Amino acid sequence: MSAKILDGKTVANALQEDIAQRVELFVSNTGITPCLAAVLVGEDPASQVYVRNKERACGKVGMASELFRMPEDVSQAELLNLVQGLNKNDKVSGILVQLPLPKHLDASEVLDAIDPQKDVDCFHPSNVGLLSQGRPNFLPCTPHGVLQILKHFNLPTAGKNVCILGRSDIVGKPLALMLMQRTSETCGPDFANATVTVCHSRTPNLKAMTTQADILIAAIGVPKFVTADMVKPGAVVVDVGINRTDEGLCGDVDYDALLEVAGAVTPVPGGVGRLTVTMLLENTLKAAILQAK
Ligand SMILES: Nc1nc(=O)c2c([nH]1)NC[C@@H]1CN(c3ccc(C(=O)N[C@@H](CCC(=O)O)C(=O)O)cc3)C=[N+]21
Ligand SMILES: [Mg+2]
């Protein structure tokens with residue numbers, strides 16, 4: 001058996017074409033160009049790559065982006081002041097504070113300071129609350145990207161056992177919320193209605209859980225953690241991990257070994273990461289539309 005490769009580039013390109021058309025229409029109707037403000041603190045090389053990818057993607061769909069760089073030793077007050085300025089700035093539709101922040105800063109306080117209408121990451125407690133109640137303002141980028149990949153390749157989640165490895169606030173937790181809802185705002189009921197199991201570092205007998213899964217989603221940040229024996233033959237495996245190792249970029253799954261067992265698998269790079277950036281564009285347009293009202 002050889003797994004189908006779920007190429008994120010194809011999906012991202014298709015969605016970006018659609019976003020570009022809606023951006024063009026919005027600009028011609030309102031005279032407003034949606035603009036993403038990205039805040040980058042320090043010089044972390046991975047963060048620089050991601051922020052550059054985000055800026056490039058904005059340009060591709062006809063949106064503006066502005067990068068705000070702050071030194072590694074910026075104070076909490078200075079960073080909060082920057083965010084408050086961006087909240088008030090009418091030219092800025094969406095605000096993204098790139099994580100992780102240096103340890104001396106209180107990330108929660110910074111993220112909570114972002115205007116919920118400009119919170120394109122969907123990290124603000126009011127947006128997380130709305131998401132958990134099934135009436136989202138924004139959909140979080142990476143979980144939404146996972147749904148869009150599954151939708152593109154016609155791999156519905158309704159009635160399926162979905163196992164999520166990882167309980168982070170950025171991926172595992174919001175993705176579990178979205179998959180257990182009755183419907184998805186953008187992908188419909190076929191891409192919701194799952195039986196969701198969330199596993200983490202304190203889960204006993206992990207393999208007994210993962211081998212039950214029709215769809216296995218890895219978001220733990222441990223290179224090649226998911227091995228072939230953990231996967232039910234024919235299962236769909238979505239790899240959200242991006243780990244920088246001596247041998248280069250790799251995901252949370254042992255990709256080569258899984259090709260022989262899984263029914264379908266996402267590559268890294270070129271999988272979910274592409275969609276994370278694309279769904280950020282979607283949210284920036286959404287933010288601009290909300291603010292034009
Ligand atoms: N406030 C905030 N929001 C985020 O959404 C956020 C964040 N902080 N901090 C870090 C994580 C990680 N993340 C990625 C973005 C792009 C790629 C991406 O472009 N991936 C490409 C290329 C990867 C590469 O070449 O390094 C791919 O997978 O093909 C991956 C991961 C967003 N995150
Ligand atoms: Mg990727």
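Helices (H or I, at least four residues) and strands (E, at least two) are DSSP runs, numbered from the N terminus. With those names in hand, we can walk through the model above.

This is a predicted model, so local features need pLDDT of at least 70 and side-chain atom pairs count only at pLDDT 80 or more, while totals for chains, interfaces and linings use all residues. Residues are numbered from 1 along each chain as its sequence is written, and chains are lettered from A and ligands numbered from 1 in the order in which they are written.

Let's start with the overall layout. The chain is assigned domain 1 (32–115) and domain 2 (140–273); such bounds come from an automatic or database domain assignment. Taken over C-alpha atoms, the centres of the two domains are 28 Å apart. In an unreviewed entry, it lists "domain: Tetrahydrofolate dehydrogenase/cyclohydrolase catalytic" over residues 6–121. That span is 50% helix and 16% strand, and its end C-alpha atoms lie 24 Å apart. The unreviewed entry also gives "domain: Tetrahydrofolate dehydrogenase/cyclohydrolase NAD(P)-binding" for residues 140–289. Here the chain is 32% helix and 17% strand, with 17 Å between the end C-alpha atoms.

Strand 7 (residues 215–218) joins strand 8 in the parallel sense over 4 bridges. To spot this pair, find isoleucine 217, which stands opposite valine 238 in strand 8.

Now for some individual residues. UniProt, again in an unreviewed entry, places a "binding site" feature at Gly166, Arg167, Ser168 and Ile242. Is glycine 166 buried or exposed? A residue is buried if 20 or more other C-beta atoms lie within 10 Å of its own, exposed if 12 or fewer, and partly exposed in between, with C-beta atoms placed from the backbone. Glycine 166 is buried because 24 other C-beta atoms lie within 10 Å. This glycine sits in the loop between strand 5 (161–165) and helix 7 (172–180). Leaving out residues up to four places away in sequence, glycine 166 touches Val171, Gly172, His200, Ala219 and Ile220; contact means that the C-beta atoms, placed from the backbone, lie within 7 Å.

Serine 168 is in the loop between strand 5 and helix 7. Serine 168 has 16 C-beta neighbours inside 10 Å, so it counts as partly exposed. Not counting residues up to four places away in sequence, serine 168 touches Lys173 and Ala219. Isoleucine 242 is in the loop between strand 8 (236–239) and strand 9 (243–245). This isoleucine is buried, because 20 other C-beta atoms lie within 10 Å.

Which residues come nearest to ligand 1? Of the 19 residues around ligand 1, they are Tyr50, Asn53, Leu99, Pro269 and Gly273; a residue counts as near if its C-beta atom, placed from the backbone, lies within 6 Å. Helix 2 (45–60), strand 4 (94–97) and helix 10 (272–292) are the elements that give two or more residues to this shell. Helix 10 provides the largest share, 4 residues. Each of domain 1 and domain 2 supplies at least three residues to the shell.

Finally, some details of the backbone. Most residues other than glycine have a negative phi, and most peptide bonds are trans. The peptide bond from leucine 99 to proline 100 is cis, with omega near 0 degrees. Another cis bond runs from valine 268 to proline 269, with omega near -5 degrees. Proline 269 is in the loop between strand 11 (264–265) and helix 10. Asparagine 154 is not a glycine, yet has a positive phi of about 55 degrees. This asparagine is in the loop between helix 6 (141–152) and strand 5. Asparagine 154 is exposed, because 7 other C-beta atoms lie within 10 Å.

Technical notes. UniProt positions are given in the numbering used here, feature names are shortened, and annotations may be inferred rather than shown by experiment. Two residues are in contact if their C-beta atoms, placed from the backbone, lie within 7 Å. Two strands pair if DSSP finds at least two bridges between them.
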